[in-house]
Amino acid sequence: MKVLELFWHSTEQAECSLYDLTYEGDRLKIIVKYDDTDESSRKGKKSFLISERQSKQSLNFDVLETDEAGSLWKIEFPINEHIESLSKGIWDAFFVIDQGGKSKKIRIKDKISDKIEIPPYYIQDLNKSFIPYSTIKGNLSFKCEGSKAMLKIENIVLEENGFLRVNGFFLVPSWNVKKVTDVKKMLLFRTGKTSNEVAFPLKNTIRKDVTSFYGQSGLNYDWTGFDIELDFQQNDYGLLLDQSITLHMKMEHQNTSITMPITIPSSIIFNKNASFQTEAGIKKIFLRLGKEDDSLSLLITRDDVQAEVDSIYSENGEIILNGRMITSAEDKWLAEGTSYIVVDKRNSEEEYQFELEVHDNLFSYTFDIGKMLEKGIFNDGIWDLYLRTNSRNYRLVTRLDGITNKQKLVTIPQQLLPGSNGKLFVIKPYYTLHEEVSIWSRDYIASKAIDKVEVENGILTIKGKLNIQPPNRNFPEKSNGHITLKAPHGARYELPVTWEMVKTGKSKLEFTFTLSANLATAGLQGKEDEILRHIDYDLIGCELQLEAGIVEFTMNIDPVKVVVTLEDRLKQNPKYKNRITKLGKLLYRVCNKLLPVQSKTAIFQSFHGKSYSDSPKYIYEGLLKERPGMKAIWVLDNLKEELPGNPILVRPLSIKYYYYMAISKYFVNNGNFPDFYQKRSGTVHLQTWHGTPLKKLGFDIDPNSPSYAENTSPALQKRNARWDYLIGPNEYTSKILQRAFKFNKKMLDVGYPRNDIFYKEDLETRANLIKKKLNIPMDKKVILYAPTWRDYDFHNGNQHKPYEFKFDLEQFKEKFSKDYVLLLRLHYRDASRIKIQGFEEFVYNVSSYDDIQELYLISDLLITDYSSVMFDYANLDRPIIFFTYDLSRYGSQVRGFYFDFQKEAPGPIVLKQEPLFHAIENIDKLRDLYKERYEHFKEKFCHWEDGNAAKRTIDAVFKNR
């Protein structure tokens, strides 16, 4: 350990931070605050330095003045004089003190960007904006990027009577508008399920302050202002009720139009709900902000009858609801016959009803949770509550109590109770986003993070963090249980384990855990490598035995957390992790300069080292036959993986990784290598890419899109410039990749090597071997469900909830398990949340399976949505069903696709469970119905595929070298 100390030393230095930043004409005025307790360090000439990150070009400016205390320093510099330099690259800001020939250079911290808005400086001749910004490390830097439209909301008010006011400005810097009336402004309502769009014209409002704020170029921006005034008590503005509506602004000028979603800055506080009575009934307005982008949406509900819950009590094994039925005129409503409380499991056909009495429009009901659990009610999932009367269901809501945003502000106690099999559940009544009442039944414990996995002296140890739901105050520090690990060919390992738990104090839920299992006791001595090799084959089943009952949950382990080498062990200590990384980069720089390139060494990587898969895999396996003398390095998280040809395995960012990145000649990847990698003369970089694009890439993205800068950044362009060869799977993709990435080197129009597997003669033999590996019965056909990952769903408070299938899994099993099995290929964040207990003989979780091409090969039917899996699967001429249950919500992204998805999809597009099941039942008829479209799709996207793409790639890149 002492040897490592020689490579770096921590040093104390003064701090310099941004205090203010403004413009005066084309002059940038900056005030920085300099803090240092050492008075002597303040002496010397002060200057302001900005340095371009890549070229190291620098510009130096004198400090003009300081305050009396000597801590605030003022700098000015004219932007236009240096615009040719400043318009290229990223410029980092420093404060420099020159003391007798010795200079101290201090990085300027940016501590104000999250408190005030720092405007860009618009450069009219270049149509670019010079932007001060805060780096990831909180330092001040500057960059120049294509000018983008900007929409800013200055004020938003929702009154209790349903009157909504929104004002702000919508600026397109490049528009040279002479008169305010030359610009047309519209508010757009985009409704949920039907993708309808309603335009609402707006009056022009002059905003003089916008000119002063963004007008450094001298242009006039007083045409940008708008005021929105909507009276929802009197008007619905053509909107559909009970559907989420997103709000957008549209600007038109000289046959050009730009539309942007309305986003609300977090600094603006406003009322998000309003409830009021109208002649037609009770109306409720909900305003909501998107989790990721603060985009504004609204929901309008109205009903002639409302089942309003006035109080909820959760204690002593009971949940008690008290409420009333409300109408616009109470004497119009009368319950005829018996009424019921209905509990309906979300995304399922499971529903139960319990008799209820309503007197004088008042009702009360008590749930005995223990008895409900014994009957299988409230076992896992979300249960929505209704009052059924006169053969109609009314959702139980809490909208008239004057409390807004109850989901975040009001917490109802949750209870821990055992089900019929002794498994403990946490039962919690809660308010939904739209202030409806539901009951959430979930696991007592959920895995939060895995920090370390190792086997030492026959003891398997797993360390990490868990979230344990309240009540958890007296959770035992030690308990017994077991874990179940799955492996290929149906192998299962049951290990008795000891759990140790310690509350971290960082949150009410977080505990650290240490799990210990004696492999000899479990009869698994000598199988350490096999267990670690397949540690991520499937979710690990976990069980704890407590006095109150049994706790069951699952754990997802990334192989990178498995300790295999001494280096892995050192990196477990935060003190040495960064030091080893610095040492690795130092080794890389030394080897890169001093050691020769090894002409027969090739390094392969796929999906950042997560798997042995994709085109790099098939190029590598082709090289084993074509060039057996090649020395291969595979970058993999799982160092226990067994690969054909016995290549050298290295973990990303390990010492060995840095060494081989320095001396290898060939670099094969389906993504980019890290920024530290500097391409040497004589080396060859083959970029295979990873799919036919659906969404627009790189410079094809609308410059007004928020993602444009990220996808065209100088850093990304520099990474792409390292490519010598780029593979195109079809003519359509080849043209897109060249244009979007501005790639001007050798395009390999050869097809995807990963798809060669579909054109081999021994397909049936290969498929049978894969099915045996997955333990799938040979007499069953296979449905592969491979949906797109929905970040909006994951970040919408659902990351701690079980994954929600948008079809009833029980009904799916009842209808199709006789003939099929169902494979689930989900994003790893969704895969860690799935609950398939009780479905193991029908549902297979293959989310961690390395090579999805092998899953295509054994599948008889693919169910997907907007995922690019459709392009590869079409090579097999097998049917595809597009289950796009959120097509309306995804609509804006579909409009950003390269092709018309709804017109060209080579199979039926279904939105709900019933047509999905119908499509599966009639798949042979649908195959004939979509035959012509399928053939057109395959001709467009698979026309270069013939089983020889890997060979053509090797011939072009490796054969003559």
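Is Asp384 buried or exposed? At 8% relative accessibility, Asp384 counts as buried. The legends below start from this residue and then visit other parts of the structure, which is a predicted model.

**Close-up A. Asp384 and Arg395 pair in a salt bridge.** The closest N and O atoms of the two side chains are 3.0 Å apart. Here the pair links distant parts of the chain, with Asp384 in strand β28 (residues 381–389) and Arg395 in strand β29 (residues 392–397), 11 residues apart. Arg395 has a relative accessible area of 15%; this residue is buried because the value is under the 20% limit.

Close-up B. For context, the count of salt bridges comes to 48.

**Close-up C. Glu921 and Lys815 form a salt bridge between two helices.** The closest N and O atoms are 3.4 Å apart. Glu921 sits in helix α22 (residues 913–921) and Lys815 in helix α16 (residues 809–816), and the pair links parts of the chain 106 residues apart. Glu921 is partly exposed, with a relative accessible area of 46%. Lys815 is partly exposed too, at 42%.

**Close-up D. Leu546 is a buried residue of strand β38.** The strand covers residues 540–546, and the relative accessible area of Leu546 is 18%. Which residues does Leu546 touch, leaving aside its neighbours within four places in sequence? The contacts are Leu424, Tyr444, Phe475, Pro476, Ser479 and Val551. For a sense of scale, Tyr122 is 424 residues from Leu546 in sequence, and their C-alpha atoms are 64 Å apart in space.

**Close-up E. Helix α13 packs against two strands and a helix through its buried residues.** The helix spans residues 731–740, and its buried residues are Tyr732, Thr733, Ser734, Ile736, Leu737 and Ala740. An α-helix has 3.6 residues a turn, so residues three or four places apart point the same way. The packing partners are β45 (725–728), β46 (746–749) and α24 (931–941). After α13 comes Lys742, with a positive phi near 50°.

**Close-up F. Glu315, Glu318, Asp368 and Glu374 form a negative surface patch.** Glu374 has its place in helix α4 (residues 369–374). With a relative accessible area of 59%, Glu374 is exposed.

**Close-up G. Lys137, Lys582, Lys585 and Arg589 gather in a surface patch of positive charge.** One of these residues, Arg589, is found in helix α8 (residues 574–594). Is Arg589 partly exposed or buried? Arg589 counts as partly exposed, at 46% relative accessibility.

Terms used: Residues are numbered from 1 along each chain as its sequence is written. This is a predicted model: local features need pLDDT of at least 70, side-chain atom pairs count only at pLDDT 80 or more; totals for chains, interfaces and linings use all residues. Side-chain values use heavy atoms; hydrogens and water are left out. Helices (H or I, at least four residues) and strands (E, at least two) are DSSP runs, numbered from the N terminus. Buried means under 20% relative accessible area, exposed over 50%, partly exposed in between (1.4 Å probe, protein chains only). Contact means heavy atoms within 4.5 Å. Patches are made of residues with over 30% relative accessible area and no salt bridge: like charges are joined within 9 Å, nonpolar side chains (Val, Leu, Ile, Met, Phe, Trp, Tyr) within 5 Å. Accessible areas come from the Shrake-Rupley method with a 1.4 Å probe; for residues, only the protein chains shown count as cover. A salt bridge is a side-chain nitrogen of Lys or Arg within 4 Å of a carboxyl oxygen of Asp or Glu. Lys and Arg count as positive and Asp and Glu as negative; His and the chain ends are not counted. The place of a charge is taken as NZ of Lys, CZ of Arg, CG of Asp or CD of Glu.
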